[in-house]
Amino acid sequence: MYKHTLVPAAFAVAALLSAPAAWAATDNELAEIREQMRQLRESYEARLTALEARLREAEANAARAAAAANVPAPAPTAAAAPPLPAPTAVPAASGIAAFNPAISAVLQGRYANLSQDPDRYAIAGFQQTPDTGPGKRGLSLSESELAISANVDDKFAANLIVSLSPDNSVEVEEAYGFMPSLPNGVVPKFGRFFSGIGYLNEQHQHVWDFIDAPLAYQAFLGGQLAQDGVQLKWVAPTETFVELGAEIGNGVNFPGNDRDRNGAGAASIFAHVGGDVGASNSWRAGLSYLTARPRGRISTQLDTAGNLADLAFSGSSHLAIADFVWKYAPNGNAQETNFKLQGEYFHRREHGDLTYDPNAALGVPNSDAYSARQGGWYLQGVWQFMPLWRFGARYDRLDPGHPEYGSNADLLDIGFHPDRVTAMVDYTPSEFSRFRIQFANDRTRPGVTDHEFFLQYILTLGAHGAHRF
Amino acid sequence: MKTRWLITLAFAALAVSTAARADLNVFATVPEWGALASELGGEKVKVYTATNALQDPHHVEAKPSLIARARSADLIVATGAELEIGWVPLVVQQAGNPKVRPGQPGYFEAAPLVPMLERPTRLDRAEGDVHPLGNPHIQTDPRNILRVAGPLAARLAELDAANAAYYQSRYKAFDEKWRANIARWEKEAAPLRGVPVVVQHKGFPYLEEWLGLKEVASLEPKPGVEPTVAYMTELLATLKQQPAKMVIRAAYQSDRPSQWIAERANLKQVVLPFTVGGDDKATTLQALFDDTIERLLKGAQ
């Protein structure tokens, strides 16, 4: 199936690339070209007249400026030749430096006070990756991020975002090229990128409104899904925002795993719609679908004896996400106060074979067929109640469903609904710094509540970041 | 299979969309350029203005509505000088519309056409919200509007050659009218020359330069940095020594800092529309300056 989707996608990209290729000129076309040339000449004449008018105006201004001697306004004859001399503070970069890409860095650190041992953290009823959980206790550096971006040439632009972990390891978070110069709303992207599914997935962790990912993201996507592959997005030429996207990737990340195959391991499609209601409201809603075919995917899950047991799963995984976000700011001016409401619903169907404890770490491995429909959602609101200060609340809940574990049922079937309540306050002294306090009551295991308290800082330096919606 | 279906749909919608359009779609980032494009383009252009006068044009997000509008735009008219740096590049990138990418005829910036003021000598974020290319609020001087009008009319003519003469004649009419207006405004505003003022945000250097207002203080310790109590107290002491007539702020800004200083330093509060749509009277470019001068004169009494 993935090979079939790959072929038309490749053709589409190829067709788009070759579109401006040479055409054979017929007599008709020559006439057309002549007509266009004539029009061009006319338009340039009009332009020239306009420029002359501006020159006269510039001269008049220069005379006026000279009269008002206290004003050091440069004689705007330069206006006749639009490009201004380079600002004195930023000397025109020359040579190699002129082509330096935009560079920015994000530094983060935190303090965590957790009432439960984070090494024993588990979301009961769900297979989880090592990234699941609230992280380390005490003071620690969080992930630092280094981002580099620039246009490559007339066709391509590229982004590299490297994450430096506090344990001194380096991870390529995103490294992709994309083609912003194709016509008709088509934007292909290739390399490693955060998948366009859901709302939060494409955003980097430092722009999230809470220090950690919603439980649904942790349970269904191992935190956040990055794809190594190709994405094709298309924006419709309509006044209401409509965006359709499709991706194929190697699927090495949860819910897939590294399968050592030539074909693609995961594919997804998504659709977003959005718009404004009056000047004060903006919204976006989306539907996404992700499918992966893990083979021998190793994860951990809380078993009935209270151990974090290894599990190996082979089969198919289908995830659907519905997401929406609504932002309110009086007259669209978010500086004083604003409100943001966002929620996402996840539903996953997995079936295949599940092996309990494949490495016999706890006893005897046990394999059987496995089939599950599981769900989860979160709803969060963030309110800026005065300039620079925001308050946020979030509720997370997961539904383990009624998985058919077969002979693994005695080992794994817990039937518990994990949930979590979170509140945060953050202070944003400038566009480039933010400080946050967060509390959470995490009830993801039967009979245990983790009381979590976090302090966090986020500092951004370098090139001005984009204001994502 | 799904991908193939999507692509088919994409091309079908594309065919429909290209057939249906006739006018030039102009995407203006701020109201002043939207108004100017309408003045010059008349009925041949369809203008969409991305922000209103009550928004700070620097703090705007790349909203879905903006991406959708940029998708079918023929021309983006922006201020430039990094005013819209947080959102226009992202909007253009996500819209998949190569016509309006920077460097293309479909992308027009106003700031490079005017002599920029307040170009920082030190580029450092410790200095607050600094704009390396100078203060981007160029629209408060009507002479700048005139400087932008000519090239903008020429750009419209370039993109829509069939109507080049139409744009040219509208530009001529605008130019004539605007020069007469400037002369009138300068006469009306003569009493404002040398009047000391306090500004809430460093948004008015062009207006001050044009009318000869004397800015004695800003309520922001550094551009874009919220005033602190300590700073305001210090400012109050300065104003006792060096009194000002009024405190000026733009329509989109909070009234608190102005109110605080106005009460204590005996200043008049003047709220300026700042751009088209900033108050009930400033509905057109001309009304914007009529109203601005009227309000300043009242404040100077």
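In which strand of chain A does Ile437(A) lie? Ile437(A) belongs to strand β17, residues 433-445 of chain A, where helices (H or I, at least four residues) and strands (E, at least two) are DSSP runs numbered from the N terminus. The structure is a predicted model, in which local features need pLDDT of at least 70, side-chain atom pairs count only at pLDDT 80 or more, and totals for chains, interfaces and linings use all residues. Residues are numbered from 1 along each chain as its sequence is written, while chains are lettered from A and ligands numbered from 1 in the order in which they are written.

Four helices and 18 strands are found in chain A. Of its 469 residues, 38% count as buried; a residue is buried if 20 or more other C-beta atoms lie within 10 Å of its own, exposed if 12 or fewer, and partly exposed in between, with C-beta atoms placed from the backbone. Two residues are in contact if their C-beta atoms, placed from the backbone, lie within 7 Å. Among the contacts in chain A with a separation of 6 or more, 60% come from residues 24 or more positions apart.

Not counting residues up to four places away in sequence, Ile437(A) touches Met424(A), Val425(A) and Leu455(A). From C-alpha to C-alpha, Ile437(A) and Arg295(A) are 41 Å apart in space, and 142 residues apart in sequence.

Another residue of interest, Ala334(A), sits in the loop between β12 (308-328) and β13 (338-356) of chain A. Ala334(A) counts as buried because it has 22 C-beta neighbours inside 10 Å. Once neighbours within four places in sequence are left aside, Ala334(A) is in contact with Ala329(A) and with His59(B). Along the chain, Ala334(A) and Gly196(A) are 138 residues apart, and their C-alpha atoms are separated by 26 Å.

The backbone geometry of chain A also deserves a look. Most residues other than glycine have a negative phi, and most peptide bonds are trans. Asn168(A), in the loop between β4 (157-164) and β5 (170-178) of chain A, has a positive phi near 70°. Asn184(A), which is not a glycine either, has a positive phi of about 65° and is found in the loop between β5 and β6 (186-194) of chain A. Asn168(A) is exposed, with 7 other C-beta atoms within 10 Å, whereas Asn184(A) counts as buried, with 20 C-beta neighbours inside 10 Å. A cis peptide bond, with omega about 10°, joins Phe254(A) and Pro255(A). Pro255(A) is placed in the loop between β8 (241-249) and β9 (266-277) of chain A.

Chain B is divided into domain 1 (22-184) and domain 2 (190-300), with bounds that come from an automatic or database domain assignment. Taken over C-alpha atoms, the centres of the two domains of chain B are separated by 25 Å. In the contact between them, 28 residues of domain 1 of chain B meet 24 residues of domain 2 of chain B. On the domain 1 side, α2 (31-41) and α5 (142-159) of chain B each supply at least two residues, and α2(B) gives the largest share, five residues. That side divides into 11 nonpolar, nine polar and eight charged residues; here Ala, Val, Leu, Ile, Met, Phe, Trp, Tyr, Cys and Pro count as nonpolar, Asp, Glu, Lys and Arg as charged, and the others, Gly among them, as polar.

Two helix pairs of chain B can now be described. Axes are lines fitted to C-alpha atoms, for helices over the stretch in contact, and angles run from 0 to 180 degrees between N-to-C directions. Angles under 35 degrees count as roughly parallel, over 145 as roughly antiparallel, 65 to 115 as roughly perpendicular and the rest as oblique. Helices α3 (residues 64-71) and α4 (residues 88-95) of chain B cross at roughly 60°, and their axes come within 8 Å; α3(B) and α4(B) are therefore oblique to each other. Leu66(B), Ile67(B), Ala70(B) and Arg71(B) of α3(B) meet Val91(B), Val92(B), Gln94(B) and Ala95(B) of α4(B), a contact with six nonpolar, one polar and one charged residues.

In the second pair, α6 (residues 164-188) and α10 (residues 285-300) of chain B pack at about 10°, with axes 10 Å apart, and are therefore roughly parallel. Asn181(B), Trp185(B) and Glu188(B) in α6(B) meet Gln286(B), Phe289(B) and Ile293(B) in α10(B).
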